[in-house]
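Reader: I have a model open and want to go through it with you. Can we start with the strands and then move on to helices and pockets?

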Amino acid sequence: MAESLAVMEKLELEGPVAELPSLEGVEEILGYKFENKKLLEEAFTDSSFPEKGFSYERLEYIGDSVLNLLFTKEHFFQYPDLSPGALTRLRAANVDTEKLARVAFKHGFHRFLRHNKPLLEDQIEKFSEAIKEYPLHSNGLVDVPKVLADIVESTVGAVFIDTNYCLDSVWKVFKDVLEPIISRETVKIHPVTELYEECQKRNLKVKFVDSWRESMAFHVLIEDKLVGRATYGFKKDIAHNRAAKDALDNIRSLFTQSSSS
């Protein structure tokens with residue numbers, strides 16, 4: 001009796017154990033019923049959840065390849081006049097980490113994830129706030145919880161196997177889920193690439209100064225003048241990309257001013 005009371009007191013101190021929603025909710029989102037329910041369970045189990053003894057990583061591996069092939073096929077026939085380079089950029093925009101993470105968040109996939117990552121909810125909340133400024137894609141300007149993209153890929157992999165490796169069936173399930181799909185009209189250039197192209201067009205010399213280890217910052221010099229700067233402590237790439245975006249904004253305003261004066 002004393003032991004039971006002690007357990008009850010311990011549970012009260014720790015608070016109620018949160019119940020995860022049924023994975024049937026994922027099937028409702030997809031409009032697809034799994035023949036093999038274990039595939040669905042595996043697709044939504046993170047490696048930090050050792051109770052299950054498996055994780056989504058192998059399905060993610062398959063799903064990544066399947067998504068690339070699906071978009072390759074879709075864009076090849078949709079845009080018969082596009083060059084291989086343009087098709088590659090368009091595919092990359094639709095399967096990159098941020099785009100897939102947006103899909104996961106939009107449909108609430110993260111609510112079904114079995115994990116033991118105490119910081120994940122906070123990371124997802126920050127991501128959800130950050131993307132409000134960029135309705136379609138930030139092109140490397142926001143911090144993305146990679147696990148969100150991972151579970152989209154693992155779910156694609158699970159459906160691929162469950163449908164006996166039928167690409168057409170997978171596309172039928174996911175085409176609407178992946179909306180808004182980035183098109184030839186809406187695809188944007190990465191800010192670093194765009195800055196180099198802009199400077200090359202104007203015959204300007206551009207240089208990135210990496211001070212990230214010392215001050216979490218990147219500086220952009222154009223013709224040896226400071227034109228852009230950004231700091232971001234969690235990921236070096238984001239500081240780099242934001243510095244390029246800052247330089248782009250400034251160089252455009254500088255040229256607008258000089259042309260109007």
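Reader: In which sense do strand 2 and strand 3 pair, and over how many bridges?
Author: This is a predicted model. In it, strand 2, residues 217–222, pairs with strand 3 in the antiparallel sense, over six bridges.

Reader: Which residue in strand 3 is the bridge partner of His219?
Author: Arg229 in strand 3 is the bridge partner of His219.

Reader: And what stands opposite Ile222?
Author: Lys225 in strand 3 stands opposite Ile222.

Reader: How many residues lie between the two strands of that hairpin, strand 2 and strand 3?
Author: Two residues lie between them. Glu223, in the turn, has a positive phi of about 55°.

Reader: What's the strand order in the sheet?
Author: The order is 1-2-3, in an open sheet of three strands with antiparallel pairing.

Reader: Which strands stand at the edges?
Author: Strand 1 (206–211) and strand 3 (225–231) do. Each has a single partner strand, so one side of each is left without a neighbour in the sheet. On average, neighbouring strands are turned by 20° against each other, direction ignored.

Reader: Which helix packs on the sheet?
Author: Helix 10, residues 191–201, packs on the sheet and touches strand 1 and strand 2. The direction of helix 10 makes about 145° with that of strand 1.

Reader: How much space lies in the second largest pocket?
Author: About 340 Å³. It has 16 lining residues, and the closest to its centre are Asn139, Val187, Lys188, Ile189 and His190.

Reader: Which elements give two or more residues there?
Author: Helix 5 (84–95) and helix 10. Helix 5 gives the most to the lining of the second largest pocket, three residues. That lining divides into six nonpolar, six polar and four charged residues.

Reader: Back to helix 8. At what angle does helix 4 cross it?
Author: The axes of helix 4, residues 57–78, and helix 8 cross at roughly 80° and come within 6 Å. Helix 4 and helix 8 are therefore roughly perpendicular to each other.

Reader: Which residues meet there?
Author: From helix 4 they include Leu59, Ile62, Val66 and Leu67, and from helix 8 they include Val156, Ala158, Phe160 and Ile161. Charged residues also take part, among them Glu60 and Asp64 in helix 4 and Lys146 and Asp150 in helix 8. The contact has eight nonpolar, three polar and five charged residues.

Reader: And how does helix 6 cross helix 8?
Author: The axes of helix 6 (residues 97–107) and helix 8 come within 7 Å and cross at roughly 75°. That makes helix 6 roughly perpendicular to helix 8.

Note on methods: Residues are numbered from 1 along each chain as its sequence is written. This is a predicted model: local features need pLDDT of at least 70, side-chain atom pairs count only at pLDDT 80 or more; totals for chains, interfaces and linings use all residues. Side-chain values use heavy atoms; hydrogens and water are left out. Two strands pair if DSSP finds at least two bridges between them. Helices (H or I, at least four residues) and strands (E, at least two) are DSSP runs, numbered from the N terminus. Axes are lines fitted to C-alpha atoms, for helices over the stretch in contact, and angles run from 0 to 180 degrees between N-to-C directions. Contact means heavy atoms within 4.5 Å. On a 1 Å grid over the protein atoms alone, a cavity is a set of points where a 1.4 Å probe fits but cannot get out, and a pocket is an open set with protein on both sides within 12 Å along at least five of seven lines; lining residues have an atom within 4 Å of a point. Grid points are joined across faces, edges and corners, and a volume is the space filled by probe spheres set on the points. Angles under 35 degrees count as roughly parallel, over 145 as roughly antiparallel, 65 to 115 as roughly perpendicular and the rest as oblique.
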